Amino acid sequence: MYRFTNDYSEGAYPRILEALATTNLEGNFGYSNDPHSEHARQMIRAAIGQPEAAVHLLVGGTQTNAACLCAFLRPHEAAIAAASGHICVHETGAIEATGHKCIAMPAAPGGKLTPQAVREACAAHPDEHMVKPRLVYVSNTTETGGVYTTAELEELRAVCDELGLYLYLDGARLASALAAGGASLTDLGRLCDAFYIGGTKNGALFGEAVCIVNPALQPDFRYIIKQRGGMLAKGWLLGIQFEELFTGGLYLEGGRHANALALRLKEGIAALGYGFGSDSISNQQFPILPNHILDQLKEDFHWEVTSRPDGENTEIRLVTSWATKPEAVDAFLTALAAAQ
């Protein structure tokens, strides 16, 4: 069976596995106080152009978002996000569990949050009888495959400065966004108060690198990581993986590979006359296919269902990764063309 279920079904780049095996018996200090983690932090600071940024290595995306928003917000403060945003939909109320409301606003095309939506959210929460909007949450890529450009993030930065808000970016699929022409790492370092670089969905066994650029948000973050169960005792396992991802362009290479195969899927499906739920330029594609066609394909391919627009058709999500093989894409397109 060929799986287009997600971009973390495979283990890790062979280089990462080799590095972990080579260093297996080194004997490192714990809790990311080891030389590998420090080297990875230095590499990331250089890549984002922020030598004074605080860089922390965590295991997964939900854990990272929960720790960051818990640390950055006071008890009465809230995050503004697109209604389709990960913190609003796919994190089991993790942000609310830290005591902070997610203000969900209608998403623009591509699942994006606009400056106007941010203004509307703030206007709807004018006084102390409501939560106080304090942080804008976006992700690159979005949940529907949209990619924020530098200009779009600059507009969000401007409205955040105008309204006294932090700008935080979820980078679970950042490699795909970078490869698709989204805001660069140095742009993120310049425009965001904090963001994270996702490893789990781009060739690491696990791992996300939080970059806290705003000095006001840096103090005591390790206390929050520990309190929230996010401090990995064997932290060098994270450091080694990010060392490899940021050596020789491996991180961006994975995004380019995933995007190229996703766009091959998109072009092939479109050529057969099928439409899409969103116009994604990233490694997630959302074709709308007849149910009877999907019934013929489901024995050989796996995907996730995203919506059922009517009784005859279903929108599915096809995700490619750093490890997807071209023959998997070709097999899907051949089977789709042959289905009746």
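The model is predicted, so local features are reported only at pLDDT of at least 70 and side-chain atom pairs only at pLDDT 80 or more, while totals for chains, interfaces and linings use all residues. Residues are numbered from 1 along each chain as its sequence is written, and side-chain values use heavy atoms, with hydrogens and water left out.

**Packing of α12 and α14**

- Helix α12 (residues 250-271) and helix α14 (residues 326-338) have axes that come within 10 Å and cross at roughly 10 degrees; helices here are DSSP runs of H or I with at least four residues, strands are runs of E with at least two, and both are numbered from the N terminus.
- This crossing angle makes α12 roughly parallel to α14, a label given to angles under 35 degrees, whereas those over 145 count as roughly antiparallel, 65 to 115 as roughly perpendicular and the rest as oblique; the axes are lines fitted to C-alpha atoms, for helices over the stretch in contact, and the angles run from 0 to 180 degrees between N-to-C directions.
- On the α12 side the contact (heavy atoms within 4.5 Å) is made by L261, R264, L265, G268 and I269, and on the α14 side by P326, V329, D330, F332, L333 and L336.
- By class, the residues of this contact divide into 8 nonpolar, 1 polar and 2 charged, where Ala, Val, Leu, Ile, Met, Phe, Trp, Tyr, Cys and Pro count as nonpolar, Asp, Glu, Lys and Arg as charged, and the others, Gly among them, as polar.

**Salt bridges**

- The whole structure contains 15 salt bridges, each defined as a side-chain nitrogen of Lys or Arg within 4 Å of a carboxyl oxygen of Asp or Glu.
- R264 and D330 form a salt bridge, at 3.1 Å from N to O; because R264 lies in helix α12 and D330 in helix α14, the pair ties together parts that are 66 residues apart in sequence.
- R264 is partly exposed at 32% relative accessible area, and D330 is partly exposed at 36%; buried means under 20%, exposed over 50% and partly exposed in between, with a 1.4 Å probe and protein chains only.
- R157 pairs with D193 in a salt bridge whose closest N and O atoms are 2.9 Å apart, linking helix α7 (residues 150-163) to the loop between α9 (185-191) and β7 (194-198) across 36 residues.
- Within that pair R157 counts as buried, at 13% relative accessibility, and D193 also counts as buried, at 9%.
- The side chains of D295 and K298 meet in a salt bridge of 3.7 Å, N to O, with D295 partly exposed at 46% and K298 partly exposed at 44%.
- Elsewhere, salt bridges that share partners join E38, R41 and R45 into one network.

**The loop between β6 and α8**

- R173 is placed in the loop between β6 (166-170) and α8 (174-179) and counts as buried, at 7% relative accessibility.
- Apart from neighbours within four places in sequence, R173 is in contact with D7, N140, T141, K201, N283, Q284 and R317.
- G171 is found in the loop between β6 and α8 and is buried, with a relative accessible area of 0%.
- With neighbours within four places again left aside, G171 is in contact with N140, Y196, I197, G198 and Y251.
- The C-alpha atoms of G171 and T141 are separated by 7.3 Å, although these residues are 30 apart along the chain.
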